[in-house]
Amino acid sequence: MEKYKQEFIEFMVDCGVLKFGDFTTKSGRKTPFFINAGYYRTGSQLRKLGEYYARAIKSAFGLDFDVLFGPAYKGIPLSVAASMAVSEFYDTDIRYCSNRKEVKDHGDKGILLGGPIYDKDRIVIIEDVTTAGTSIGETMPILNAQGEVSVLGLVVSVDRMERGQGEKSALAEIEEVYGIRTTSIVTMEEVVEHLYNKPYNGNIIIDDALKAAIDSYYKQYGASY
């Protein structure tokens with residue numbers, strides 16, 4: 001596993017973004033792990049997060065595209081942080097853009113925030129975590145309404161590697177339905193590999209009992225890729 005992936009996993013733990021315990025997802029699944037990007041709360045955390053996203057974007061899509069689009073609301077700071085990191089670390093300027101939940105009818109009218117989207121633009125979508133693909137279903141019509149655009153793909157922070165609407169993972173379903181590529185900074189398999197029975201800051205974060213709970217969860221909800 002690449003070093004930046006290991007660092008990102010530890011970064012999620014440090015920020016309280018990656019938690020283990022008993023949780024219930026929006027879809028009603030009882031899960032032993034939970035990822036909440038809302039716990040990135042400081043400027044330094046967002047700066048580091050942007051850098052990790054920038055590395056994943058460059059690795060999967062290169063930097064020859066025009067717009068980094070973050071769906072409202074969590075995607076807004078992600079698109080800003082990652083586009084700044086791309087500029088800082090790779091000396092490449094791309095536009096960031098997000099949508100409003102409600103269309104403004106005064107001042108800066110329209111549904112978009114940030115940079116404009118032009119005909120023929122190449123776009124990468126950025127999100128925190130995708131479990132059911134609902135957000136992409138709302139995002140694609142917004143992007144396609146801006147002109148003849150090309151959506152290259154989607155980048156998320158963590159691939160949960162569980163079923164979406166069917167038997168395949170949510171990311172695999174998105175690739176199949178929309179014909180775009182998907183990638184993540186890390187997968188849950190990499191998270192478990194890095195943390196299982198290995199001390200971090202003096203603690204074992206994933207011990208045998210938690211590993212058994214995670215394995216049981218994936219027996220029930222794991223995706224067939």
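**Aromatic rings and charged side chains in close-up**

**View 1. Lys K211 and the ring of Y196.** In this predicted model, the charged end of K211 lies over the ring of Y196, at 5.3 Å from the ring centre.

**View 2. R41 and the ring of Y39.** Here the charged end of R41 is placed over the ring of Y39. The distance to the centre of that ring is 4.2 Å.

**View 3. The aromatic pair F8 and F11.** The count of aromatic pairs in the model comes to 9. One of them joins F8 and F11, whose ring centres are 6.3 Å apart. The angle between the two planes is 40°, and the pair is classed as tilted. Both residues belong to helix α1, which spans residues 3–15. They are 3 residues apart, about one turn of the helix. F8 and F11 are both buried.

**View 4. The aromatic pair F11 and Y40.** F11 also pairs with Y40, and this pair is stacked. The rings are 5.4 Å apart, centre to centre, with 15° between their planes. The pair connects distant parts of the chain, since F11 is in helix α1 whereas Y40 is in the loop between β2 (30–35) and α2 (43–61). The two residues are 29 residues apart. Both F11 and Y40 are buried.

**View 5. The aromatic cluster of F8, F11, Y40 and Y52.** These four residues form one aromatic cluster.

Methods:
Residues are numbered from 1 along each chain as its sequence is written. This is a predicted model: local features need pLDDT of at least 70, side-chain atom pairs count only at pLDDT 80 or more; totals for chains, interfaces and linings use all residues. Side-chain values use heavy atoms; hydrogens and water are left out. Rings of Phe, Tyr and Trp (its six-membered ring) pair if their centres lie within 6.5 Å; planes under 30 degrees apart count as stacked, over 60 as edge-to-face and the rest as tilted. Helices (H or I, at least four residues) and strands (E, at least two) are DSSP runs, numbered from the N terminus. Buried means under 20% relative accessible area, exposed over 50%, partly exposed in between (1.4 Å probe, protein chains only). A charge sits over a ring if NZ of Lys or CZ of Arg is within 6 Å of the ring centre and within 35 degrees of the ring normal.
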